[in-house]
Amino acid sequence: MYLRSILRSLVKAQRLHYLNKFVVMSSQNGFCSKTSDVTLSSPLETVDPELYSLVNQEAQRQKKGLELIASENFTSVSVLQCLGSCLTNKYSEGLPGARYYGGNQIIDQIELLCQKRCLEAFSLDSSLWGVNVQPYSGSPANVEAYTALVGPRGRIMGLNLPDGGHISHGLMTQKKRLSAASIFFETMPYHVDLETGLIDYKELEKSAQMFKPDVIIAGVTSYPRTLDYKRFKEISIANDSYLMADMSHISGLVAAGVIPSPFEYCDVVTSTTHKTLRGPRGGIIFYRKGIRSVTKSGENIMYDLEDRVNAAVFPGFQGGPHNNAIAGIAAAMKLATTQEFKDYQKQVLINCKQLAESLKQFGYKITTDGTDVHMLLVDLRPINLTGSKAEYILQSIEIACNKNTVPGDKSAMNPYGIRLGTPALTTRGMKENDIMVVAELIHKGLCIALEAQKISGPKLANFKNILSSDPKFIESLKILTKEVETFAEQFYMPQ
Ligand SMILES: *Cc1c(COP(=O)(O)O)cnc(C)c1O
């Protein structure tokens with residue numbers, strides 16, 4: 001019922017769109033006598049051909065290339081419909097049933113539906129968990145969660161950025177506090193073991209004893225293994241800290257039940273909605289409700305996070321929610337409960353394992369010697385190639401990935417690794433066999449990089465220069481790009 005009325009407004013919006021298109025087309029064909037055809041309500045292709053063309057070029061780029069950036073995905077058609085709908089027009093500060101503007105009868109239903117679907121997607125009991133679906137994205141969701149959990153200058157521990165943590169878990173240099181987490185709170189990082197590349201829980205335990213954090217964050221952005229939430233919980237109990245999971249990267253895998261879920265052990269769980277989850281760009285905060293602990297004399301201490309989280313989002317950090325994105329999250333969460341989605345996430349994992357195996361066969365070193373999740377890190381130190389050069393050569397043949405630090409890297413500014421992920425390619429329908437081809441294309445690209453480096457020496461500028469001036473390299477990059485594009489274009493793309 002909800003969906004039908006939402007759809008009705010969408011259809012209306014679409015109709016308007018086609019009407020505009022028709023008016024413009026007929027005027028172009030000379031049916032209309034007016035000379036100036038472009039109005040405020042004309043479609044993009046007539047109002048702004050320059051921008052329209054750029055949007056189309058980006059669509060082409062996405063279709064022609066191989067997307068291996070681990071945080072990216074191609075969202076579903078139904079989500080795109082929500083994003084492009086009239087819902088973007090509405091102000092709805094506040095929560096369902098308690099808004100600061102009128103006219104929110106439908107918006108209230110959409111937001112409640114979105115909340116319900118979020119709880120369902122992660123099999124959560126609504127008497128034990130609530131969710132705020134308004135955060136504009138993952139980073140605001142995190143700052144809002146910290147604000148709810150601890151006051152200004154509260155103490156936060158997250159994984160060190162070069163070790164796989166996220167900027168929004170704290171980032172500062174000797175000179176400057178850079179991330180809001182570090183500007184407004186006191187942050188102290190924990191690390192991975194440089195030998196194994198795995199989180200050093202012993203070190204975390206020791207530092208937490210010293211630092212006495214108010215919040216410990218279990219969450220990663222470039223780490224190829226699952227987390228030991230139970231261990232995190234033990235350490236947070238010992239220090240009377242809240243445990244917050246930031247499952248931004250892995251929430252799709254969690255929803256599908258193919259990797260361990262953080263919910264059993266955490267007080268708060270934040271996530272983006274646009275990575276493995278395959279929804280629109282957005283953020284969500286889950287918070288516990290009910291009994292937090294029982295005192296020695298048998299008294300229940302209750303969670304009081306609901307109001308604190310909601311107040312931190314609005315009016316704490318945000319104004320009007322992005323209702324088109326909230327509808328998109330609702331649609332994505334519904335899809336996340338389907339068998340097709342579970343099968344998709346299983347394939348994401350299979351594909352990532354295959355990518356690790358195939359790259360190892362070509363002789364590459366994979367950190368932690370493999371992966372449990374949707375991403376892996378290639379350590380390029382053994383072949384003496386920087387992440388920047390690898391990223392550059394792959395980008396020039398339409399393979400997208402990002403340079404990344406690997407455990408033990410000397411400089412975070414000049415890392416010796418790349419991060420690769422399989423969510424986006426799997427959305428396009430790729431299976432293990434296809435991933436073997438992808439691995440080979442990556443290998444061919446990196447071989448060209450090594451050849452070029454022999455001539456250019458280590459400087460990135462010289463390296464780029466050789467690749468764009470030497471006819472031999474220009475030609476081999478052109479051939480390889482064609483090979484990548486011909487391969488990629490065979491696959492489905494939701495548009
Ligand atoms: C991507 C990510 C975020 C931030 O998300 P944005 O939507 O880019 O702000 C936060 N935490 C983790 C762990 C992430 O991977």
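Around the ligand stand 14 residues, of which the closest are Ser137, Ser139, Thr221, Asp246 and Lys275, where a residue belongs to these surroundings if one of its heavy atoms lies within 4 Å of the molecule. The model is a predicted one, in which local features need pLDDT of at least 70 and side-chain atom pairs count only at pLDDT 80 or more, while totals for chains, interfaces and linings use all residues. Residues are numbered from 1 along each chain as its sequence is written, and side-chain values use heavy atoms, with hydrogens and water left out.

The largest share of the shell around the ligand, 3 residues, is supplied by helix α6 (residues 138–149); helices (H or I, at least four residues) and strands (E, at least two) are DSSP runs, numbered from the N terminus. A polar side-chain atom of Ser137 lies 2.4 Å from an oxygen atom of the ligand, and an N or O atom in the side chain of Asp246 is 2.5 Å from a nitrogen atom of the ligand. The ligand taken alone exposes 380 Å², and the protein buries 88% of that, with accessible areas coming from the Shrake-Rupley method with a 1.4 Å probe and, for residues, only the protein chains shown counting as cover.

Side chains of opposite charge can pair when their charged atoms come close. The structure holds 18 salt bridges, each being a side-chain nitrogen of Lys or Arg within 4 Å of a carboxyl oxygen of Asp or Glu. In one of them the side chains of Glu111 and Arg99 meet at 2.9 Å, N to O; Glu111 lies in helix α5 (residues 105–121) and Arg99 in strand β3 (residues 98–99), so the pair ties together parts that are 12 residues apart in sequence. Glu111 is buried, with a relative accessible area of 1%, and Arg99 is buried at 16%, where buried means under 20% relative accessible area, exposed over 50%, and partly exposed in between (1.4 Å probe, protein chains only). Arg99, Asp108 and Glu111 are linked in a network of salt bridges.

Elsewhere, Lys360 forms a salt bridge with Glu357, with the closest N and O atoms 3.5 Å apart, and another with Asp369, at 3.3 Å. Glu357 and Lys360 both lie in helix α13 (residues 339–361), 3 residues apart, about one turn of the helix. Lys360 is partly exposed, with a relative accessible area of 26%, whereas Asp369 counts as exposed at 53%.

Notes. A polar contact is a pair of N or O atoms within 3.5 Å; within protein, one must be able to donate a hydrogen and the other to accept it, and residues adjacent in sequence count only if both atoms are side-chain atoms.
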